[in-house]
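Biologist: Please display the model, and then let us discuss its architecture by question and answer.

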Amino acid sequence: MSEFLMPSLGADMEAGTLTEWYVKPGDKVKRGDAIAEVETQKGLIDIEVYEDGVIEKLVMQVGDKVPVGTVLAIISGEKEKAGETPKAVTEKQKGEILAEQKIAVSAAPAKDVKRIKVSPLARKIAEELGVDLSKVKGTGDGGVIHREDVENAAKLQKQSPVVETPPVKKPEAVIAEKLIEEAKTPVPASDKMRMAIAAAMSRSNREIPHYYLESRIDLKLALEWLEAENKKRNIKERILQPALLLKAVAKALTVVPQLNAYWQDNQIQIQEAINIGFAISLRQGGLVIPAILNADMKSLDEMMKDMLDITIRARESKLRSIELSSSTITVTNLGERGAEKVFGVIYPPQVAILGFGKVTEQPWASNGMVGVHPVVTATLAADHRATDGHTGSKFLEALNNFLQKPETL
Amino acid sequence: MNNSTIKLTYREALKQAIREALQKDERVFMMGEDVGRYGGAFAVSKGLLQEFGEERIMDTPLSESGFVGAGIGAALAGMKPIVEIMTVNFSLLAMDQIVNNAATLLHMSGGQLNVPLVIRMSCGIGRQLAAQHSHSWEPLYAHIPGLKVVSAASHEDARGMLLTALTEPDPVIIFEYTSLLNLEGEIPANAGAVDISKAKVRREGKDISIITYGTGLYKSLDAANELATAGIDAEVIDLRSLRPLDEETVFTSVSKTHRALIVEDAWKSVSVSSEISARIMEHIFYELDQPVQRLCGLEVPIPYPEHLETASLPQKAEIVSAVKKMMQS
């Protein structure tokens, strides 16, 4: 028996609205199955389960706005047969769920949760009596919770431990109601995304001491190789230049893993999987950064296929939760109509963002001769808390080396 | 023992205190404007000149700075002067003597010079004396380190505070209230010196603490009696000592009632009530079930017309309604 929680689909996410259940109680699910659709600031996202089992109970209902970390459903493990836990959720488990939600609610960042007004004395007494203030109805001015309210709540709690008292709604309903109330003035999706981007980027700029490096990279060999390669393929199988660049980035990260990391708890945490998030601008404005998972292990063809697939789904707001929450580094590629250089803002808790500008033809001196070569400027913005310029330099160097040997990609 | 009480006016209580002080200690003398031949602007010292003579009841010129300075000098020279400043309003003229000499000499002399001076000032609003003669300077003096500041709201204190103040090694300012002069009260027949360091619970209650001083005490007690008929049990505290403040009594009371209303006639900003409120918040925040509330004088020059003067001060009705509002939740 385990609880399926609302996942965090990015550092800036605090809650999501459940828009669809793909499963019902009794359904068997496998690890990786998408079981629900959630609307977040980034759009509609499928969320998947991480274990095999049977859906025991759907705790949240469609339309509920659910804070990150809150129980969405109860899944019984693979080994427990569905029949072995026939009573659905027992009282004890309900208590556990309740407790879990308590934690989830109090852990949610304050700015999104409606501030509960409590007198200092009531707060102290609530702590002593173990009363959850989010479930106490305040009788004071504007709903302020006073001592009496807490004491009454404690009395009710004692009379009927955990079992709900008649006027009290199911805890999940209470939470959902509260959140719905907060969201009464509907915010357009694009504004929500803008707000999410604003929050993440402000945090980044505030907290992360960025350092910047740039390197011009000769793409003559790479593009010639790509052209020759594409000639052998039919149109559908052709590989586009961005896939090649991403593949080179993945390879370079295996050489310099320090940039494939998170800065968390005041230390660098190098990530084993190389999940390259790449920024996709949306036509309606805003951007999403889905990840190509395990990019270093993918062939160029697989990389290309993934990119196409993800790009299409991103524009349809059909990304999966794991794709939005697991990037370990970000690449932004301005493409053919963009500027020549881009200096990125790191998406926390990542420690680096790599930018590719437009590929332009430029006079290029090599081997004592000047020729006209296609050149791209790669820029690296990295977190100086996690790495130093030397590391960044090594990375750009490695990237250049791989792009000079495209056949190895 | 002797449990009998006597009935007397606030004025009479003040006079008995001065007389006892003069009788007990030869170093004690009193000076001020019109304290001798005229018998005091409010007849507090009537007859004392005849009883004690010109050496000990001294009429002074109309120069507050001059005679307060003389009082400080006498205190430095080993006397125990009682300086009467006719009303608190004129004390501003002696501010420099009080603040720069009386309050600082102990410090400036490295602890060598105590100034055992007692200054009595009559004060209070409510007699249609208009803006210049209706000041409440209790907060002003309570602000100054080096002074002890007490407020005599009760007959017992009118009778006893002076005697204790005279035993203090350092300057003490006593605020007396002209509006109380004719008020009769009962005190023990053997009443005498009283402690001047503690606030006093004048009425016990469990629902709310009304903290006040001076004439606010009577309005608060009246309000508490009316509130009792509505089933609200208010505790009333007379601060008595405004510097230093007796935090302990206040904190104990508020920790019991969890609600505090502070009442004073002085202007609200930077007042005794703001100080009490701040200290409650700093020290016993988690005892509060309601934000601390204050009823103070409106921040205007005190008006002359009676109805406006009355309206400029917190009155019983406002205290009652403020308490009821705080008790609703």
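Biologist: How many residues does the contact take from chain A and from chain B?

Modeller: The model is predicted, with local features needing pLDDT of at least 70 and side-chain atom pairs pLDDT 80 or more, while totals for chains, interfaces and linings use all residues. Residues are numbered from 1 along each chain as its sequence is written, with chains lettered from A and ligands numbered from 1 in the order written. With contact defined as C-beta atoms, placed from the backbone, within 7 Å, the counts are 11 residues from chain A and eight residues from chain B.

Biologist: Which helix gives the most to the side of chain A that touches chain B?

Modeller: Helices (H or I, at least four residues) and strands (E, at least two) are DSSP runs, numbered from the N terminus. With four residues on that side, the main contributor is helix α2 (residues 120-129) of chain A.

Biologist: Which strands stand at the edges of the open sheet in chain A?

Modeller: The four strands follow the order β1-β8-β6-β3 with antiparallel pairing, where pairing requires at least two DSSP bridges. Two of the strands have a single partner, so one side of each lacks a neighbour in the sheet. They are β1 (2-5) and β3 (28-29) of chain A.

Biologist: Which residue of β12(B) stands opposite V149(B)?

Modeller: Chain B holds an open sheet of seven strands, β3-β2-β4-β5-β7-β6-β12, with mixed pairing. β3 (57-59) and β12 (241-243) each have a single partner strand there, so one side of each is left without a neighbour in the sheet. β12(B) pairs with β6(B) (residues 148-151) in the antiparallel sense over two bridges. Within β12(B), the residue opposite V149(B) is R243(B).

Biologist: What angle does the direction of helix α7 of chain B make with that of β7(B)?

Modeller: Angles run from 0 to 180 degrees between N-to-C directions, along axes fitted to C-alpha atoms, for helices over the stretch in contact. Helix α7(B) (residues 155-165) packs on the sheet and touches β5 (118-123), β6 and β7 of chain B. Its direction makes with that of β7(B) an angle of about 165°.

Biologist: At what angle do the axes of α9(B) and α10(B) cross?

Modeller: Residues including F251(B) and V254(B) in α9(B) meet residues of α10(B), among them I280(B) and H283(B). The axes of α9(B) (residues 247-257) and α10(B) (residues 272-284) come within 11 Å and cross at roughly 65°. That makes the two helices roughly perpendicular, a class spanning 65 to 115 degrees, whereas under 35 is roughly parallel, over 145 roughly antiparallel and the rest oblique. The crossing angle is thus roughly 65°.

Terms used. Contact = placed C-beta atoms within 7 Å.
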